[in-house]
Amino acid sequence: MLDFNHRPKPHETITTLIDAALAQERAQQPARTYLGASRVGISCERALQYEYAGAPADPGQGFSGRVLRVFEVGHVLEALAIRWLRMAGFDLRTVDEQGQQFGFAVADGRIAGHCDGIVIAAPAELGLSGPMLWECKTMADKHWRDCAKKGVAIAKPVYATQLALYQAYLHEAWPGLADNPALFTAINKDTQELWFELVPFDGSLAQRMSDRGVRVVQATQAQELLPRGFSERTHFECRFCAYQERCWGGVQ
């Protein structure tokens with residue numbers, strides 16, 4: 001007699017098939033060959049260096065199917081935010097005449113980034129002038145509320161770094177971009193609440209993080225391992241790092 005209790009349930013099988021398809025799709029994408037502005041602000045320079053060098057993550061630490069689905073949902077919500085802002089009267093541009101995202105590349109292309117969009121003009125009620133950098137993030141309720149309460153610079157310094165670098169490096173292509181605040185948008189993935197924050201350009205942060213990016217690139221080229229960001233393996237950021245075993249276990 002067949003024991004149906006041990007057969008995978010339909011939802012498990014379908015989810016497994018979807019996750020396998022997403023993983024295969026990601027595996028076919030070319031590896032990033034530059035240090036992305038969206039990652040420069042992470043806490044540990046050594047982890048950033050591992051990312052830039054393309055070091056394999058620890059076993060079981062790659063992007064799971066669930067994480068890939070989270071990424072896809074974020075892209076869909078960003079598209080909705082673009083639609084909503086345009087409906088509300090924002091002149092928001094997300095691609096150039098060739099259909100490419102607005103971006104920058106420095107250090108012979110080794111440091112680069114692509115922003116979500118540029119606000120050319122905003123509704124008159126806001127009294128804002130363009131151009132303004134636009135960045136959109138999606139967050140779980142806990143992180144969204146922390147960001148809305150404390151502001152992006154404190155709650156999400158990685159995002160604040162991203163904003164500052166874009167404002168600095170895209171200012172030449174968009175004169176005035178660094179003079180006007182960025183419009184940071186956060187969508188609560190659990191409640192669909194919206195948070196909008198005007199973020200002034202932080203030139204000091206942009207310079208520090210630009211220097212950090214150069215330091216990571218140069219150290220990697222010289223095959224020099226940068227210091228860890230934390231002194232104990234048990235630090236919570238180390239425990240959740242995809243390179244913990246590589247970093248602390250002696251595999252370089």
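Predicted model: local features only at pLDDT ≥ 70, side-chain atom pairs only at ≥ 80, totals over all residues.
**Exercise 1. The lining of a pocket**

*Solution.* 
Step 1. The volume of the second largest pocket is about 180 Å³.
Step 2. Its lining consists of Ala 81, Trp 84, Leu 85, Ala 88, Phe 90, Leu 126, Leu 128, Leu 183, Leu 194, Phe 196 and Leu 198.
Step 3. Two elements, helix H3 (65-87) and strand E8 (194-199), supply at least two lining residues each.
Step 4. The classification gives 11 nonpolar residues, with no polar and no charged ones.

**Exercise 2. Two helix pairs**

Determine how H6 packs against H7 and how H1 packs against H3, and describe the residues in each contact.

*Solution.* 
Step 1. Helix H6 (residues 157-169) meets helix H7 (residues 203-221) at an angle of about 95°, and the axes are 8 Å apart. Because angles of 65 to 115 degrees count as roughly perpendicular, H6 is roughly perpendicular to H7.
Step 2. On the H6 side the contact uses Ala 160, Thr 161, Ala 164, Leu 165, Ala 168 and Tyr 169, while H7 contributes Leu 205, Ala 206, Met 209 and Ser 210.
Step 3. These contact residues comprise 8 nonpolar, 2 polar and no charged.
Step 4. For the other pair, helix H1 (residues 10-27) and H3, the angle is about 75° and the axes lie 9 Å apart. The angle therefore makes H1 roughly perpendicular to H3.
Step 5. H1 takes part through Thr 15, Asp 19, Leu 22, Ala 23, Glu 25 and Arg 26, and H3 through Gly 65, Arg 66, Leu 68, Arg 69, Phe 71 and Glu 72.
Step 6. In the contact of H1 with H3, 4 residues are nonpolar, 2 are polar and 6 are charged.

**Exercise 3. Backbone geometry**

Locate the cis peptide bond, and then examine the positive phi values of Asp 108 and Gln 223.

*Solution.* 
Step 1. As a reference, most residues other than glycine have a negative phi, and most peptide bonds are trans.
Step 2. The cis peptide bond joins Gly 130 and Pro 131, with omega at about 0°. Pro 131 belongs to the loop between strand E5 (117-121) and strand E6 (132-139).
Step 3. Asp 108 is not a glycine, yet its phi is positive, about 55°. This residue sits in the loop between strand E3 (103-106) and strand E4 (111-114).
Step 4. The relative accessible area of Asp 108 is 75%, so the residue is exposed, the cut-off being over 50%.
Step 5. Gln 223, likewise a residue other than glycine, has a positive phi near 60°. Its position is in the loop between H7 and helix H8 (236-239).
Step 6. With 74% relative accessibility, Gln 223 is also classed as exposed.

**Exercise 4. A covered helix**

How many residues of helix H2 are buried, and what covers them?

*Solution.* 
Step 1. Helix H2 (residues 45-53) has 9 residues, of which 7 are buried, and the helix is mostly covered.
Step 2. The buried residues are Glu 45, Arg 46, Ala 47, Leu 48, Gln 49, Tyr 50 and Tyr 52.
Step 3. Their cover includes strand E1 (35-36), H7 and helix H9 (244-248).
Step 4. After H2 comes Gly 54, which has a positive phi near 75°.

**Exercise 5. The surroundings of Pro 181**

Where is Pro 181 located, and which residues does Pro 181 touch?

*Solution.* 
Step 1. Pro 181 is in the loop between H6 and strand E7 (182-188).
Step 2. A relative accessible area of 22% makes Pro 181 partly exposed.
Step 3. Leaving out residues up to four places away in sequence, Pro 181 touches Met 132, Leu 133, Gln 167, Leu 198, Val 199 and Pro 200.
Step 4. Between Pro 181 and Phe 201 the C-alpha to C-alpha distance is 6.1 Å, although 20 residues separate them in sequence.

**Exercise 6. The chain as a whole**

*Solution.*

Conventions: Residues numbered from 1 in each chain as written. Heavy atoms only, no water. Axes fitted to C-alpha atoms, helices over the stretch in contact; angles between N-to-C directions. Helix = DSSP H or I, 4+ residues; strand = E, 2+ residues; numbered from the N terminus. Parallel < 35°, antiparallel > 145°, perpendicular 65-115°, else oblique. Contact = heavy atoms within 4.5 Å. Nonpolar A, V, L, I, M, F, W, Y, C, P; charged D, E, K, R; others polar. 1 Å grid on protein atoms, 1.4 Å probe; cavity = no way out; pocket = protein on both sides within 12 Å on 5 of 7 lines; lining within 4 Å. Points joined across faces, edges and corners; volume = space filled by probe spheres on them. Buried < 20%, exposed > 50% of the residue type's maximum accessible area, 1.4 Å probe, protein only.
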